[in-house]
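Please look through the sequence and the coordinates before reading on. The paragraphs below go from the contact between the chains to the spaces inside the protein and then to the backbone.

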Amino acid sequence: MVSNVLTALVVGVGLGVFLQKGRFCFVHAFRDFFAFKDSRVTKAVLVATTLTMVFWSIAYALGYYQGFWTPGWGLTGLVGGFIFGVGMTYAGGCASGTLYRAGQGYLHFWLTLAFMGVGYAVFTVLFPTLESAYFEPFTVGEGVTLFEVSPVPAPVLALGVAGLVLLTYATLVGRSATGGAGGADDATGDSTAVRADGGRRTSGLGASTPVVGLRQFVAGTRAYVRGFAEIDDWKAASKRPWDPRTAALGITALAVLWFTQVSIVGVTGPEARWTGYLLQQVGVDVGGFEYWGSVLFQGQGVGLTVDMIMIAAVILGAFVAAVWSGDFSVRVPKRRRVPNAVVGGFMMGAGSRLAPGCNIGNIYSGLAELSVHSFIATVGIVAGVYAMTHWIYRDVGCAI
Amino acid sequence: MTGPSLDDFVEMPDEVDDETAEQLADQATETQDMTGEVCPYPQVEAKKAIQSLDSGDLLVQETDHVPSTENVPRAVGDDADARVWRSGSGLYRIFLRKR
């Protein structure tokens with residue numbers, strides 16, 4: 001137990017530092033990709049998830065793991081994910097983003113956290129009804145991870161998926177690099193890629209596009225590694241914003257540690273437990289509610305759990321990183337943005353319970369453990385971000 | 001433009017020192033107070049303002065939101081040249097000169 005608490009502190013503080021320094025934001029990853037075709041953070045999310053999947057599959061194959069999180073799959077992932085996606089885009093931060101920015105001094109995100117708590121509490125009160133009216137009819141099958149049912153060993157499967165991700169990426173990059181030479185502007189790069197075979201045949205470079213992309217990938221990775229050799233003043237460099245890829249690598253290492261010692265990485269589950277725990281402190285009979293008592297705390301009594309300590313430590317880590325970088329200040333939101341924090345937070349809290357799972361549980365951890373539920377929930381979350389991005393950018397327009 | 005490539009992974013606007021920041025702030029055609037605002041509103045407002053400015057005009061955003069220092073310049077894209085000033089205490093100025 002003591003070692004688990006220590007692990008929770010190390011992993012939590014570390015995650016807080018990497019999230020803050022890399023500005024690792026899932027809303028940014030999808031919203032700015034839809035709005036401006038800005039894919040820097042999208043790539044960082046892709047790197048972190050793919051690498052984590054590979055390492056988790058190895059840990060699983062060797063038996064060094066504590067268990068998977070695999071809720072039953074069905075329409076719940078789409079519905080809850082969509083609500084969560086809309087909520088996080090409106091609030092301006094995902095579950096992990098809200099945590100690290102709270103540590104950085106944003107009162108906006110403390111308010112978001114508080115209203116996520118309201119979302120968890122309202123969900124808990126309605127849970128008995130939702131179970132029969134929502135979860136039972138909407139759940140199609142038992143939760144499962146492909147690691148467990150795959151006929152090939154998990155690491156082989158994971159490496160195969162990682163290879164496919166890399167190949168797809170290389171093809172997209174290669175296609176826009178070779179196809180864009182004809183003076184086409186940037187915006188057409190991906191849409192020609194989406195148009196599938198047409199572009200490939202006309203350009204006649206079909207076979208070589210992934211190669212071009214892979215070369216760019218290798219060159220980019222080399223340049224990234226070389227970048228470290230060029231740092232002469234490490235103290236000054238540590239205070240500047242870090243490459244999102246550095247954040248992705250750090251997050252992966254911590255996730256592997258967490259997976260072998262405790263569980264997959266989750267945020268809103270522990271937050272929902274925090275809500276119950278705090279309400280218990282002010283005299284609410286939390287254990288009497290089915291969702292808190294028997295689902296979240298699994299009938300073991302309402303108390304502090306290691307994952308609760310871990311996510312609290314994320315706030316601490318982000319605070320330390322922000323103070324170190326000169327990025328800490330108490331930021332007071334404009335009054336006209338209060339609805340974003342309140343409504344967005346509530347939708348994130350309720351949506352993450354209805355899915356179940358947030359961006360970390362589903363997009364990061366869920367995809368990395370190849371959980372069937374999380375594929376569906378990811379589609380729901382990304383669809384929610386897409387819809388909300390188009391609404392917010394209705395005056396200036398979206399790229400896709 | 002070559003579309004998505006790993007080169008734009010770390011593309012950051014140039015940083016300016018305190019003195020340059022003061023000089024630039026005096027030249028501002030339009031100043032937007034974006035303190036307390038989080039994504040994506042600084043991006044949306046920057047895009048709107050840039051569309052209404054003339055070539056050579058300078059738009060200044062004051063912000064305390066770290067990611068804005070990168071994604072506001074990305075949002076206006078080729079419409080403006082971006083530079084950023086970091087105060088070291090959580091306040092930033094983003095200078096966007098319309099091309």
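Predicted model: local features only at pLDDT ≥ 70, side-chain atom pairs only at ≥ 80, totals over all residues.

Residues are numbered from 1 along each chain as its sequence is written, chains are lettered from A and ligands numbered from 1 in the order in which they are written, and side-chain values use heavy atoms, with hydrogens and water left out.

The contact (heavy atoms within 4.5 Å) takes 48 residues from chain A and 37 residues from chain B. The area buried between the two chains is about 3700 Å², with carbon and sulfur atoms giving 55% of it; buried area here is the accessible area (1.4 Å probe) that two parts lose on being put together, summed over both.

The rule also finds 7 salt bridges across the interface of chain A and chain B, a salt bridge being a side-chain nitrogen of Lys or Arg within 4 Å of a carboxyl oxygen of Asp or Glu. Asp395(A) forms a salt bridge with Lys48(B), and their closest N and O atoms are 3.6 Å apart. Over all chains the structure holds 16 salt bridges, and one of them joins the side chains of Arg40(A) and Glu70(B) at 3.2 Å, N to O. That pair crosses between chains, from helix H3 of chain A to helix H3 (residues 68–76) of chain B, with helices (H or I, at least four residues) and strands (E, at least two) taken as DSSP runs, numbered from the N terminus.

On a 1 Å grid over the protein atoms alone, a cavity is a set of points where a 1.4 Å probe fits but cannot get out, and a pocket is an open set with protein on both sides within 12 Å along at least five of seven lines; lining residues have an atom within 4 Å of a point. About 60 Å³ of space lies in this second largest cavity, and about 100 Å³ in the largest cavity, where grid points are joined across faces, edges and corners, and a volume is the space filled by probe spheres set on the points. Among the residues that line the largest cavity are Leu15(A), Phe24(A), Ser96(A), Ile251(A) and Tyr364(A).

The second largest pocket holds about 1000 Å³ of space. Its lining has 38 residues, and Trp69(A), Arg273(A), Val295(A), Leu296(A) and Gln298(A) lie nearest the centre of the pocket. H6(A) gives the most to this lining, with 5 residues.

Turning to the backbone, a cis peptide bond joins Ala355(A) and Pro356(A), with omega about -15°, and Pro356(A) is found in the loop between helix H17 (338–354) and H18 of chain A. Another cis peptide bond joins Cys39(B) and Pro40(B), where omega is about 0°. Lys37(A), in the loop between H2 and H3 of chain A, has a positive phi of about 60° although it is not a glycine.
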